[in-house]
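Please go through the structure shown below alongside this text.

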Amino acid sequence: MADVEASVRDLVERDRDCTERALAQMDLRRRINLLIAEWKAAGGSDVLPDVRNRVRLRPVKTAGNPARAPERR
């Protein structure tokens with residue numbers, strides 16, 4: 001879905017027709033909402049992961065960037 005969103009954003013920025021990609025993006029969002037509704041109807045009650053939580057919990061990659069490498073004691 002991120003690829004579709006990026007392509008829509010790119011087309012809009014270049015003032016191009018993004019109708020087809022935007023419709024595909026809306027279809028993906030509808031499918032996700034349907035899957036969530038089915039999951040809840042089947043008894044799913046856990047809190048679903050949030051993008052903000054994924055970004056915060058993702059480990060920092062330091063390989064290839066010595067400036068971000070943790071200090072050794």
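Is the crossing of H1 and H2 left-handed or right-handed? The crossing is left-handed, a term for the case in which the near helix is turned anticlockwise from the far one by less than a right angle, clockwise being right-handed. This is a predicted model, in which local features need pLDDT of at least 70 and side-chain atom pairs count only at pLDDT 80 or more, while totals for chains, interfaces and linings use all residues. Residues are numbered from 1 along each chain as its sequence is written, and side-chain values use heavy atoms, with hydrogens and water left out.

Helix H1 covers residues 2–13 and helix H2 residues 19–41; helices are DSSP runs (H or I, at least four residues) numbered from the N terminus. Their axes come within 9 Å and cross at roughly 150°. Such axes are lines fitted to C-alpha atoms over the stretch in contact, and the angles run from 0 to 180 degrees between N-to-C directions. H1 and H2 are therefore roughly antiparallel to each other, the term for angles over 145 degrees.

On the H1 side, Val4, Glu5, Ser7, Val8 and Leu11 take part in the contact. They meet Arg21, Ala22, Ala24, Gln25, Leu28 and Arg29 of H2, where contact means heavy atoms within 4.5 Å. By class, this contact has six nonpolar, two polar and three charged residues; Ala, Val, Leu, Ile, Met, Phe, Trp, Tyr, Cys and Pro count as nonpolar, Asp, Glu, Lys and Arg as charged, and the others, Gly among them, as polar.

Side chains of opposite charge can pair when their charged atoms come close. The structure holds three salt bridges, each a side-chain nitrogen of Lys or Arg within 4 Å of a carboxyl oxygen of Asp or Glu. One of them joins Arg29 and Glu5 at 3.3 Å, N to O. This pair links distant parts of the chain, with Arg29 in H2 and Glu5 in H1, 24 residues apart. Arg29 is partly exposed at a relative accessible area of 42% (buried is under 20%, exposed over 50%, partly exposed in between, with a 1.4 Å probe and protein chains only).

Arg31 and Asp27 form a salt bridge with their closest N and O atoms 3.0 Å apart. Both lie in H2, four residues apart, about one turn of the helix. Asp10 and Arg14 also meet in a salt bridge, at 3.1 Å, N to O. Asp10 is partly exposed at 34% relative accessibility, and Arg14 is partly exposed at 45%.

Trp39 lies in H2 and is partly exposed at 29%. Leaving aside its neighbours within four places in sequence, Trp39 is in contact with Gly44, Ser45, Asp46 and Leu48.

Terms used: Helices (H or I, at least four residues) and strands (E, at least two) are DSSP runs, numbered from the N terminus. Angles under 35 degrees count as roughly parallel, over 145 as roughly antiparallel, 65 to 115 as roughly perpendicular and the rest as oblique.
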